[in-house]
Amino acid sequence: DTVDQLSQVIYAVKEGRVPIPDRPGFSKATERQFANIVGRMSIMPPWPLSLDLSGSFNPDAGDVDTGNATLRTSYEDVASFGLGYTFSRGANQEAWIAELGLTILEGTRLTYLGRYDAERGLFLENTVGLIYQTCCWAINLIYTHRDTDNPSDPKNSVWVNFELLTAPSRR
């Protein structure tokens, strides 16, 4: 129905999700000569411990833009725990990350991820997921709550993620 579509566009414009020529928005994004250089490395020795590192370097500014480090451990295929740190210079945020995973049935796992901003003393994000995995695919039902004041960033979201697995997974 054309009236419904028009009202949705008007609502999106009022909410600031659609760029308008006389207002700042995506159409007036700052262009850069080079994109960030992104790297990721995982160290997985034979014992149940891993270290995941990732980051991005902004060549225009000549500085590191984001960084993540997480140390994970697991007890057989029953439980896992991770503790990490993340920062983003562009968003001016740094946070501690905690991850928990628990196998509740064969192939079914319950997960939690929390990001805590120690400087402001609040949880930035809490995510709970339910994962069902076979040898070849996995499906995730994920709920996320974010502490945000930005109206274009939803506080609560639910989504379903389907993955085709090509290599052994350490969920």
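The side chains of Arg146 and Glu125 form a salt bridge, with N and O 3.7 Å apart; the term denotes a side-chain nitrogen of Lys or Arg within 4 Å of a carboxyl oxygen of Asp or Glu. Because Arg146 belongs to strand β8 (residues 137-146) and Glu125 to strand β7, this pair ties together parts that are 21 residues apart in sequence. Strands (E, at least two residues) are DSSP runs, as are helices (H or I, at least four residues), and both are numbered from the N terminus. Glu125 is buried, at 12% relative accessibility, whereas Arg146 is partly exposed, with a relative accessible area of 23%. Buried here means under 20% relative accessible area, exposed means over 50%, and partly exposed lies in between (1.4 Å probe, protein chains only). The structure is a predicted model, in which local features need pLDDT of at least 70 and side-chain atom pairs count only at pLDDT 80 or more, while totals for chains, interfaces and linings use all residues. Residues are numbered from 1 along each chain as its sequence is written, and side-chain values use heavy atoms, with hydrogens and water left out.

A hairpin of three residues joins β7 to β8. On β8, pairing continues with strand β9 (residues 156-164), which runs antiparallel to β8 and is joined to it by nine bridges. Within this pairing, Ile142 stands opposite Trp159 of β9.

Thr127 is located in strand β7, which spans residues 122-133. With 13% relative accessibility, Thr127 counts as buried. Its side chain makes a polar contact with the side chain of Glu125 at 3.2 Å, and another with the side chain of Thr144, also at 3.2 Å. A polar contact is a pair of N or O atoms within 3.5 Å; within protein, one atom must be able to donate a hydrogen and the other to accept it, and residues adjacent in sequence count only if both atoms are side-chain atoms. When neighbours within four places in sequence are left aside, Thr127 is in contact (heavy atoms within 4.5 Å) with Thr111, Tyr112, Leu113, Ile142, Tyr143 and Thr144.

In total, the structure holds six salt bridges. One of them joins the side chains of Asp63 and Arg89, at 3.5 Å from N to O. Asp63 lies in strand β3 (residues 63-75) and Arg89 in the loop between β4 (79-88) and β5 (93-105), so the pair ties together parts that are 26 residues apart in sequence. Asp63 is partly exposed, with a relative accessible area of 36%, and Arg89 is likewise partly exposed, at 47% relative accessibility. A further salt bridge links Arg120 to Asp117, the closest N and O atoms being 2.9 Å apart. Asp117 is buried, with a relative accessible area of 7%.

The aromatic residues were examined by a search of the whole structure, which finds four aromatic pairs. Rings of Phe, Tyr and Trp (its six-membered ring) pair if their centres lie within 6.5 Å; planes under 30 degrees apart count as stacked, over 60 as edge-to-face and the rest as tilted. Tyr132, Trp137 and Phe162 form one aromatic cluster.

How values were computed. Pairing = 2+ DSSP bridges.
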